[in-house]
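This report describes the packing and strand pairing of the model shown below. The sequence and the structure should be read side by side.

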Amino acid sequence: QVQLVESGGGLVQTGDSLRLSCAATGRNIDTNLMGWFRQAPGKERESVAAIDWRDTTSYLDSVTGRLTITRDNFKNTLYLQINSLKPEDTAVYYCAVGAKWTPASLRANFFDSWGQGTQVAVSS
């Protein structure tokens, strides 16, 4: 059974940076599609970043340039670096995993498991 545990969220100010972590067990992140989603209060969950086994990445247009998705295969941990945080980044951020050998995609139906999420709150 796959388990995804996010950490690294918190209360920050506009312009700050955060690095979110996702510790994975049950599946190897080096072969499986991995991604980050977020859900702001009152809004639908949206995909913001994805990475595949080739290290090909995909990003939501509105966050491109500020967010970077990476992984440490030895630690089986996924990361999301968020720079220049804005109030609109406030959301619960979820780590997600899909199937092996799946090309990087932001489509939610390519993922089958999510973690519990970590809260990011950005004050103005």
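Which residues does V5 touch, not counting residues up to four places away in sequence? V5 touches S21, C22 and A23, where contact means heavy atoms within 4.5 Å. The model is predicted: local features need pLDDT of at least 70 and side-chain atom pairs count only at pLDDT 80 or more, whereas totals for chains, interfaces and linings use all residues. Residues are numbered from 1 along each chain as its sequence is written, and side-chain values use heavy atoms, with hydrogens and water left out.

V5 lies in strand β1, residues 3-7. Strands (E, at least two residues) and helices (H or I, at least four) are DSSP runs, numbered from the N terminus.

| Pair | Separation in sequence | C-alpha to C-alpha distance |
|---|---|---|
| V5 and T118 | 113 residues | 8.7 Å |
| D89 and T14 | 75 residues | 9.5 Å |

**Nonpolar cores**

A nonpolar core is a set of buried Ala, Val, Leu, Ile, Met, Phe, Trp, Tyr and Cys residues joined through side-chain atoms within 4.5 Å. Buried means under 20% relative accessible area, exposed over 50%, and partly exposed in between, with a 1.4 Å probe and protein chains only. The largest such core has 27 residues, and L4, M34, W36, L78, L80 and Y93 have the most contacts inside it. Elements giving two or more residues to this core are β3 (18-25), β4 (32-39), β5 (46-51), β7 (67-72), β8 (77-82), β9 (91-100) and β11 (118-123). A second, separate core of six residues includes L33, A50, A96 and F111. Beyond its neighbours within four places in sequence, L80 contacts L18, R19, L20, W36, V48, A49, L67, T68, I69 and Y93.

**Strand β4 and its partners**

Strand β4 is largely enclosed by the rest of the structure, because seven of its eight residues are buried. Two strands pair if DSSP finds at least two bridges between them. β4 runs antiparallel to β9, joined to it by seven bridges, and N32 has K100 in β9 as its bridge partner. β4 also pairs with β5 in the antiparallel sense, over five bridges; here R38 stands opposite E46. The hairpin of β4 and β5 has six residues between the strands, and G42 takes a positive phi near 75° in this hairpin.

**The loop residue D89**

D89 is located in the loop between β8 and β9. D89 counts as buried because its relative accessibility is 0%. Leaving aside neighbours within four places in sequence, D89 is in contact with R38, R66, I82, S84, V120 and V122.
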